[in-house]
Number of protein chains: 2
Amino acid sequence: MPQHFGDALVTRVRDLGHPLCVGLDPLLDQIPACFREGSMKPSDPATATSVEAFLIAVVDRLAGRVAIAKPQIAFFEQLGPRGVQVLERICARLRGHDVLVLLDAKRGDIGSTAEGYAQAYLASDAPIAVDAITLNPYLGLDSLGPFVKTARGAGRGLFVLVRTSNPGSGDFQDQLLSDGRTLYEAVAAKLAPPCDELRGPATGWSSLGVVAGATWPEQAARIRGLLPSAVVLVPGYGAQGASAADAVRSFVPGPKGLEGGIVNSARAILYSEAARHASNRSDWQIAFDRALDAAIAELRGAVLSRLG
Amino acid sequence: MPQHFGDALVTRVRDLGHPLCVGLDPLLDQIPACFREGSMKPSDPATATSVEAFLIAVVDRLAGRVAIAKPQIAFFEQLGPRGVQVLERICARLRGHDVLVLLDAKRGDIGSTAEGYAQAYLASDAPIAVDAITLNPYLGLDSLGPFVKTARGAGRGLFVLVRTSNPGSGDFQDQLLSDGRTLYEAVAAKLAPPCDELRGPATGWSSLGVVAGATWPEQAARIRGLLPSAVVLVPGYGAQGASAADAVRSFVPGPKGLEGGIVNSARAILYSEAARHASNRSDWQIAFDRALDAAIAELRGAVLSRLG
């Protein structure tokens, strides 16, 4: 029996007492000085080496402290095949540390192409095996089918974009439909059957979650109403300006505090002023731990705030 | 001065007299017998070797005969980093033969992530350099900005999903908005300013095109009305059941026949009965050429049909 992603994720979050997901966004111009080598241009082979050294150091600090990490695949793809090899090793290292891996890929395609993506990342013999992936719903429900099937068989998770955190997210997602709903509400409603079907036996949380940005807390609350058992991946906390209270707006009471989501933070943790300018790796480690602990403490406070 | 993608594409299509785009979809269970080695499972290293040998043979048959080819990145990603290396070499080989490369990746993300994807495929020093890429608009217009900027600077092209060819495409794309338009019409309307801005000096055709499936000819005609200078990438011709006449529904009269689009065909050309079962490569070559010539002849007929 493979694990059930929804159960595995929520159980780890409960054990750790916070919903932080650390975003692994290797921004070439932000990588701390003590990890930089060569020109740091995408085309320079030394750049992939620097990125890997930096991410290994980060991943080793996450072990036992966060439930899940989210590598953003674009930053690996920009380094070409070499970058994809780094991604493969970083994902394996995270899983070796018992940190779940959510690949932020926002894939969306149909039929055999969707099967190709599912095989690439979610199948039990995937070359780059991860625990969950983000998906784009624009092509319609049939585009999700192959992912749902593979997720069910291999115990993986899916996070479908519903309401993203960027300023332009309203361009299409907020379009008002003739039946009075917005597009993002129509998307959420369509996800209800597969979400329900993928609920976990232990916690009731589904392996089909959604993305709802912290920058739009009212919309996040509405999405919760439509999808009571979907784990919400919340981007936009920290660097994009949303508070911890906004970030947990879609959460509901659970046995150990508010639950039902994971809150992503990348830049505030990876690229704090102190971490970027640390002159050696032991100073970097201190700075990194401080930023990580601060985010954990803030989110722990937020999930405990409505209890007792 | 870099080339202008819209001008380069339309000029080549005019010179060749047909709008065929050959889809490079290496479906592992369909690759012709004479190229198969090992188990053909995604995890077997011999599989990438088979895929590469097959695609090299295909690409060498396309030289001088088609304006553009469309590799589907999912089928390379499913082979892991090895597959991405094959993609890199296949794209370089196509461009060496003077065939434009349209990478079907359907990417869509925001800010620095979108910049990462643009750097990965469209920048002049991209590790996997292609001439154009497909994009998903769900995240909003700001998600297209970095791609538009890179496309303008490096002379590349973009094809944004508007109305896809799959049966479920209507789930969201056909949602009726409160102002009486459908979602896909709202998407097309929002694309008008960047489409206009990227028009080519020689032909007037834009480097920002759209995807509109051959399976929905009425919708394709409506999209043409909203975006008069967008080149339309038309999937769904052949294997998905649409006729050549349906496929050119969004085309308009030009100096050498109907123009303003490219029509993709993958399976009918790559996996004809005769090609799949050819017992050696010279028989395969005959079968492949026959399927390619048939598609070219059919589309040539369709673009000439409303002339004279």
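1. A:Arg152 counts as partly exposed because its relative accessibility is 45% (buried means under 20% relative accessible area, exposed over 50%, partly exposed in between, with a 1.4 Å probe and protein chains only). A:Glu197 is partly exposed too, at 46%. The two form a salt bridge, with the closest N and O atoms 2.1 Å apart (a side-chain nitrogen of Lys or Arg within 4 Å of a carboxyl oxygen of Asp or Glu). The pair links distant parts of the chain: A:Arg152 lies in helix H6 of chain A and A:Glu197 in helix H8 of chain A, 45 residues apart. Helices (H or I, at least four residues) and strands (E, at least two) are DSSP runs, numbered from the N terminus.

2. This is a predicted model: local features need pLDDT of at least 70, side-chain atom pairs count only at pLDDT 80 or more, and totals for chains, interfaces and linings use all residues. Residues are numbered from 1 along each chain, chains are lettered from A, and side-chain values use heavy atoms, without hydrogens and water.

3. Strand E3 of chain B spans residues 100-107, and eight of its eight residues are buried. B:Lys106 points one way from E3(B), B:Arg107 the other way.

4. B:Lys106 also forms a salt bridge with A:Asp109 (2.8 Å, N to O). This pair crosses between chains. Both residues are buried.

5. A:Glu273 and A:Arg276 meet in a salt bridge at 3.1 Å, N to O. A:Glu273 is exposed, at 54% relative accessibility. A:Arg276 is partly exposed, at 22%.
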